[in-house]
Amino acid sequence: HDAAYYLRYTTNEDFQMQFKTTTESSSSVNINLPEFNVYHHILMSWDGTIVTFYLNGEEVGSKAVSGILDGDGLIYLGNWQTQEGFTGLIDDVKFWSRSLSYEEIQDDYNGLEVSDGLIADYIFNNSGDMLIDQSGNGYHGSIQGAEWNLEIKGCTNPISSNYNPDA
């Protein structure tokens, strides 16, 4: 099994967060759809034993997960293997090499920098088929089937440094 993780809408119109190591077949949590047209902060944190899923800074589920996350697996944001349609905006995706504490999760949710162990930072402020890693580590990605929306400036989270009530 290839290790992977993804966030997506399911065919049952749930929102699914999934984390898979090289030995686990699947560890996912389905939650009710988050409110549409509202900024949401989604986070997964794995301490090597438990993966915990967060929505807007609050835990929405957890699962025991064993195995290895070797970094060779694919990451799907919005879709799984390009066969599903995702309607929405994705911005500010980050990956750390370690599990975050609850306080760090709150800091990230509130727009504060959590740089210790940051290995990739995607802000989706470009166009084309390449996603640029802003962390400086060079983990660039490829975009498939997306339509860029560069007209919206800022986000609707009033605590964020780029708050814009019209975003």
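User: How many salt bridges does the structure hold?

Analyst: This is a predicted model, in which local features need pLDDT of at least 70 and side-chain atom pairs count only at pLDDT 80 or more, while totals for chains, interfaces and linings use all residues. Residues are numbered from 1 along each chain as its sequence is written, and side-chain values use heavy atoms, with hydrogens and water left out. With a salt bridge taken as a side-chain nitrogen of Lys or Arg within 4 Å of a carboxyl oxygen of Asp or Glu, the number of salt bridges in the structure is 3.

User: Which residue forms a salt bridge with Lys94?

Analyst: Lys94 belongs to strand S8 (residues 93–96), and its partner, 14 residues apart from it, sits in helix H1 (residues 102–109); helices (H or I, at least four residues) and strands (E, at least two) are DSSP runs, numbered from the N terminus. The closest N and O atoms of the pair are 3.1 Å apart, and the partner is Asp108.

User: Is Asp108 buried or exposed?

Analyst: The classes rest on relative accessible area, where buried means under 20%, exposed over 50% and partly exposed in between (1.4 Å probe, protein chains only). Lys94 has a relative accessible area of 29% and is therefore partly exposed. Asp108 has a value of 10%, so Asp108 is buried.

User: Which residues do salt bridges that share partners join into one network?

Analyst: The side chain of Arg98 meets that of Glu104 at 2.6 Å, N to O, and a salt bridge also links Arg98 with Asp116 at 3.4 Å, N to O. Arg98 lies in the loop between S8 and H1 and Asp116 in the loop between H1 and strand S9 (118–122), so this pair ties together parts that are 18 residues apart in sequence. Arg98 is partly exposed at 27% relative accessibility, whereas Asp116 is exposed at 52%. The network is made up of Arg98, Glu104 and Asp116.

User: What is the strand order in the open sheet of 3 strands?

Analyst: Two strands pair if DSSP finds at least two bridges between them, and S4 and S5 pair in the antiparallel sense over 5 bridges. Within that pairing, Ile42 has Leu55 in S5 as its bridge partner. The pairing in this sheet is antiparallel, and the order is S4-S5-S6.

User: At about what angle does H1 run to S4?

Analyst: Axes are lines fitted to C-alpha atoms, for helices over the stretch in contact (heavy atoms within 4.5 Å), and angles run from 0 to 180 degrees between N-to-C directions. H1 lies across S4, S5 and S6, and its angle to S4 is about 155°.

User: Near what value is the phi of Asn56?

Analyst: Asn56 is found in the loop between strand S5 (50–55) and strand S6 (58–64), and at 23% relative accessibility Asn56 counts as partly exposed. Most residues other than glycine have a negative phi. Asn56, a residue other than glycine, has a positive phi, near 55°.

User: What pattern does the protein chain follow along the sequence?

Analyst: The protein chain has 167 residues, of which 33% count as buried. It contains 1 helix and 11 strands. Read along the sequence, these elements give the pattern β-β-β-β-β-β-β-β-α-β-β-β.
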